[in-house]
Amino acid sequence: MRLKSSKNIYDTIIVFMLLFLSVSFVVTNDLIPSVITIGLWICTLFAIIAFGGLHLNLNLVIPTILLLLLMLFTTLIKGENFEAYIKIVFSVVVVSLYVSNTNFEHFSIAYVKVMKFLSIVSLIGYGLHLVIPSIYNRFYVQNTSGNIYSNYVLYIQWVSAGQNAFRNFGFAWEPGAFSTFVCLAMLFDVLFVSKQMKLRTIILYILTVFTTFSTTGIIMLLYLCIFFAATKKIINSRMKKSIVLALIFIIMLLIAFSSVLLDSNTNSAFGKIINFLNKGDRNDLSSASVRYFSVTKVFSAFLRSPLYGWGYNGLIELTWEFTRGMNTCTFINWFAVYGMMFGFIMLAGIIRFTRLISSKMIYRSIIVVFLFGITLTENYIHCPIIFILVLYGYLINRSKFKNHNEYSVYNQL
């Protein structure tokens, strides 16, 4: 029992570190020295090896090597930053080793624990901002865009941007990014972790996503709840009652805050979409137009160079006029940045990952759309957590939680 408890603690710590290094505001904005970031990655690697050994899962070796080689090919052809490539390689190797050492059940349990904790912290921080805003009159930092934030590491508050100052960043680089990983936690919690999820837990996820005022987050949360409420075989009847109540709660929130969400005079969650649709000239850059061009222009770029893509910086340069470097559609970026083969391997991993949920194609298709949706408006092409999902797809072999063809080199050392 003590050994099991110890493993749960290590799993939680490792997943927290992987999330922190993937998503956190301080890491993604380079607010801590790169040597510290590298040190944290090395510590995470050592923790994985120390607790689980150095196991290489043969199901992961080929896709991992292929992905890294394809990235190297594009990096060399397009003259991309080789130092940046090395950092990406290291992170992919770490997460591949983690997936080899940890079955998905343990990962999903740890992930849900971490995201629940971060959601609670974010709501406390957000509530304090509304009630005692002066508490954030310190620890100011400024990112490369010139925006000023109050940095408490696990909770970030934007203090220089009007309505956006009332959005819940959580610990992430942007509210939309935070909502992505909260929605993912809800998916894991309902399908893999909780046999009977309590209504208050679902409300926690809903309030966290809603306070981000992320257009994508709110839409995908609603999508997920409708899916759970409509399906008969994936979740039990008792949990479905909680989901239906949660769905009613979301609708009530949407009605109550409709004037804010639909305000076309501000950059509101849905007001920006209304403005975008009403404008005849879509070259007027806005949050909505950038997302639109991240699909259309980036896909067009892929068609122009399908073999090896444009590279990360190359794609930014090519589409700068339309997206200002914010190419946010992750699934299409896989193809446009590194080419058709890289995109196919990543997409195939995501599709295989959905076999954890159901053998029925309709349910799997619904979850693929969900995963496409939550990654549609943020660029996660190099995000380790997304790589984890892809690699778990290649680990699965007609079994939900079992690793296969595992060869330990740790005991050979």
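Two strands pair if DSSP finds at least two bridges between them. Helices (H or I, at least four residues) and strands (E, at least two) are DSSP runs, numbered from the N terminus. This is a predicted model, in which local features need pLDDT of at least 70 and side-chain atom pairs count only at pLDDT 80 or more, while totals for chains, interfaces and linings use all residues. Residues are numbered from 1 along each chain as its sequence is written, and side-chain values use heavy atoms, with hydrogens and water left out.

**Stop 1: the whole chain**

Colour by secondary structure. The protein has 18 helices and 5 strands. Next, colour by accessibility. Buried means under 20% relative accessible area, exposed over 50%, partly exposed in between (1.4 Å probe, protein chains only). Of the 413 residues, 52% count as buried. Contact means heavy atoms within 4.5 Å. Among contacts with a separation of 6 or more, 70% come from residues 24 or more positions apart.

**Stop 2: the sheet**

Select β2, β3 and β4. They form an open sheet of 3 strands in the order β2-β3-β4, with antiparallel pairing. β2 (140-142) and β4 (156-158) are the edge strands, and each pairs on one side only. From one strand to the next, the twist averages 35°; axes here are lines fitted to C-alpha atoms, for helices over the stretch in contact, and angles run from 0 to 180 degrees between N-to-C directions. Now zoom in on β3 (residues 148-151). Over 3 bridges, β3 pairs with β4 in the antiparallel sense. Which residue of β4 stands opposite N151? It is I156.

**Stop 3: V26**

V26 lies in helix α2 (residues 25-28). Its relative accessibility is 5%, so V26 counts as buried. Then draw a distance to V153. The C-alpha atoms of V26 and V153 are 6.6 Å apart, and the two residues are 127 apart in sequence.

**Stop 4: the aromatic pairs**

Show all Phe, Tyr and Trp rings. Rings of Phe, Tyr and Trp (its six-membered ring) pair if their centres lie within 6.5 Å; planes under 30 degrees apart count as stacked, over 60 as edge-to-face and the rest as tilted. The whole structure holds 37 aromatic pairs. Select F104 and F188. Their ring centres are 5.3 Å apart and their planes are at 90°, so this pair is edge-to-face. F104 is in helix α6 (residues 104-131) and F188 in helix α7 (residues 175-193), so the pair ties together parts 84 residues apart in sequence. Both F104 and F188 are buried.

F104 and F192 are both buried. Now widen the selection to Y98, F104, F107, Y111, F188, F192, F353 and Y392, which form one aromatic cluster.

**Stop 5: the core**

A nonpolar core is a set of buried Ala, Val, Leu, Ile, Met, Phe, Trp, Tyr and Cys residues joined through side-chain atoms within 4.5 Å. Which residues touch the most other members of the largest core? Among its 122 residues, they are Y98, F107, Y111, F188 and L371. The largest share of this core, 13 residues, comes from α7. Finish on L371. Beyond its neighbours within four places in sequence, L371 contacts L184, F331, I350, F353 and L389.
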